[in-house]
Structures are given as structure tokens and as C-alpha cells.
Amino acid sequence: YLPQEGLSFVRRSLLEECRSVFDGLLAIEQEMARLESAMATAAGAEAEAIAERYGGIQHEYNVRGGYALEARIASVLAGLGFPAGDWERPCELFSGGWQMRIALAKLLLAQPDVLLLDEPTNHLDLEARNWLEEFLAAYPHACILVSHDRYFLDAVTTRTVEIARAKITAYAGNYSYYRKEKQAREEQILAAWKNQNDKRQQLEAFINKFRYTATKAKQVQSRIKELEKIERIEIPLEEPTPHFTFPQPPPSGRTVVEVSGLSMRYGKKRVLEDVNFTIDRGDRIALV
């Protein structure tokens, strides 16, 4: 539902794009406005019929959350970091990352019975990510989520599904629970495999020892049948771990980067102003 490329919007403002999610409610709004105009000039039985019709659709509008519509949209847009000054801005003027936020906003506003999200935090800053975490934790319907952010998964999910080795395994907990439970399961499987292996070796040793002893023939046959009935336990294979090798770069000078009085603007929007910093050899830099 959230494509990484090829996203496009009809020529509408951000607010209009979000309101378009609620086509049914907007149709009721238009009908209510039409009936209000009609009631202004109607009289008698016609006015009563219009009033009755208006009361019915107004009740439906209220039940479906029509009067809270603007507040819902404002809450989601603010949560995802859209300033109020951008709500009337045409969607096509937003950058690709912000257009992804618009698509996410529409999806959250639609509130489907099953919400499918693939890496929803990729285009979010820390504040928007934290807001989304709270939103999904309180989401009233099912949500299936794929994410590399284990802290986000821990805060949002209550069930984890692992797809590995051509099998699907479900765990009744969040990501941390899954890791702990998976290790415990694998330890149990390994212990059961060792016990089964010992049992098989005992049976095979008895069979090989007394295979040609007439007095033990019945016991040998019994152990052969027992051996055939054993369902082999497969121990989990070790998951492949990627390894990276980076060539050692030539040594730099002591001062790698020195910045003084850096400023950056997009038109009138000031992003950086009079920034000063130095990066020395061996420093570690993180961008959050």
C-alpha cells in the first residue's frame, strides 16, 4: 500500500488529499448542505419530509465520526510532522519522503480492518516515529508490520511470525519475547534430538550385536520395528551470518573536517544557521 517509488497525487492540497479518504462522509456532508438549502425555502409537508431525511443522514454522519473528522485529520498530520502552514500546500510540491508521509497519513486515517505496513518508519524523524508507535499501540484493529526497528516492534506488536527454512512459526509476544522463546525452543529441540540419537544408537547396537543370534530373534525384530517408528527430529540449522570486509583506508590528517559559519536555507526556510564543528581522526559521528 506504500510504494517506494512512483507515488503520485491528484492536484489537491494536503488537507484535501486526506479528506478524500472519507468519500462516504463527504457525500453525506454535501447532501446535508443541499437539504439545508432546501429547508430554507420549503414549507408544509415538503419541509417535514426534508427535515426527516436530514435527521436520518445527520445521525449517520454523527455515528460515523463526521463531526470529529477535522480533528482526526489534524491529529494525524500533526503527529506525522506536518506543520499547519503546509496543510493547504499542493501534494505534488512535497519531496518524496514527505509524500510517503502523506500516503501513510491517508492509510492511518482510513483505519482498515487489517493494516499492512512495510518499514513505516523509514521516512520518519524521531518525533514522528514515536507518535506512530503510540498510534499503532492503540490501533483498534489488526496490524501486520515489517520493520528493522526492534524497539519499535517491541512497543507495538503482540505477536511475532518467523518465516524461515520453508516454515512459518508464530510466537505469542513481541520481538524480544520471540528471540528469547526461539532460543528456548531450539534448546529443547536440541535436547530432544540428543535423547533420540542416544536411543537410536542403543537400538542399533542391540540389533547389530544379536542380529544372528537365534535366541534373540524376537527381541531383535521388536527393536527393528521400534527403530522404524521413530520420527527423526531435525535440529535447526545455523542461520547464515553475513560478513563484511572493508579495506583499511590510508591515514588522514589529524583534522578531517573543520566547519565554520555554515548556513543552509531552502528559499525563506532556514535549516542551518552559523554552524561550527570539527571532526578529528578517530571520531565517530551519528546522524539521528
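**Figure 1. Hairpin of S5 and S6.** Two residues lie between the strands of the S5–S6 hairpin, where Gly267 takes a positive phi near 65°. Strand S5 covers residues 255–266 and strand S6 residues 269–280. Helices (H or I, at least four residues) and strands (E, at least two) are DSSP runs, numbered from the N terminus. S5 and S6 pair in the antiparallel sense over eight bridges; pairing requires that DSSP finds at least two bridges between two strands. Val259 has Phe277 in S6 as its bridge partner. This is a predicted model, in which local features need pLDDT of at least 70, side-chain atom pairs count only at pLDDT 80 or more, and totals for chains, interfaces and linings use all residues. Residues are numbered from 1 along each chain as its sequence is written, and side-chain values use heavy atoms, with hydrogens and water left out.

**Figure 2. Helix H3 and its two sides.** H3 runs over residues 44–63. At 1.5 Å a residue, its 20 residues should span 28 Å; the expected span is 1.5 Å times one less than the number of residues. The end C-alpha atoms of H3 are 29 Å apart, which agrees. The buried residues of H3 are Ile50, Tyr54, Ile57 and Tyr61. They cover an arc of only 80° around the axis, so they sit on the same side of H3. The arc is that of the directions from the helix axis to the C-beta atoms. Ala45, Glu48, Glu52, His59 and Val63 are exposed on the other side of H3. Buried means under 20% relative accessible area, exposed over 50%, and partly exposed in between (1.4 Å probe, protein chains only). The buried residues of H3 pack against helix H2 (23–41). Gly65 follows H3, with a positive phi near 80°.

**Figure 3. Surroundings of Thr160.** Thr160 lies in strand S3 (residues 160–164). Its relative accessibility is 13%, so Thr160 counts as buried. A polar atom of the Thr160 side chain lies 2.8 Å from the backbone oxygen of Gly173. Leaving aside neighbours within four places in sequence, Thr160 is in contact (heavy atoms within 4.5 Å) with Thr169, Ala170, Tyr171, Gly173, Asn174, Tyr175 and Tyr178.

**Figure 4. Salt-bridge network at Glu17.** Side chains of opposite charge can pair when their charged atoms come close. Here, Arg12, Glu17 and Lys106 are linked in a network of salt bridges. A salt bridge is a side-chain nitrogen of Lys or Arg within 4 Å of a carboxyl oxygen of Asp or Glu. Arg12 meets Glu17 at 3.2 Å, N to O. Arg12 is partly exposed, with a relative accessible area of 28%. Glu17 is at 2% relative accessibility and counts as buried. The side chains of Lys106 and Glu17 meet at 2.7 Å, N to O. Lys106 lies in helix H5 (residues 96–110) and Glu17 in helix H1 (residues 14–19), so this pair ties together parts that are 89 residues apart in sequence.

Figure 5. Arg19 forms a salt bridge with Glu29, the closest N and O atoms being 2.9 Å apart. The pair links distant parts of the chain, with Arg19 in helix H1 and Glu29 in helix H2, ten residues apart. Arg19 is buried, at a relative accessible area of 17%. Glu29 counts as partly exposed, at 25% relative accessibility. Across the whole structure, a search finds 16 salt bridges.

Key. A polar contact is a pair of N or O atoms within 3.5 Å; within protein, one must be able to donate a hydrogen and the other to accept it, and residues adjacent in sequence count only if both atoms are side-chain atoms.
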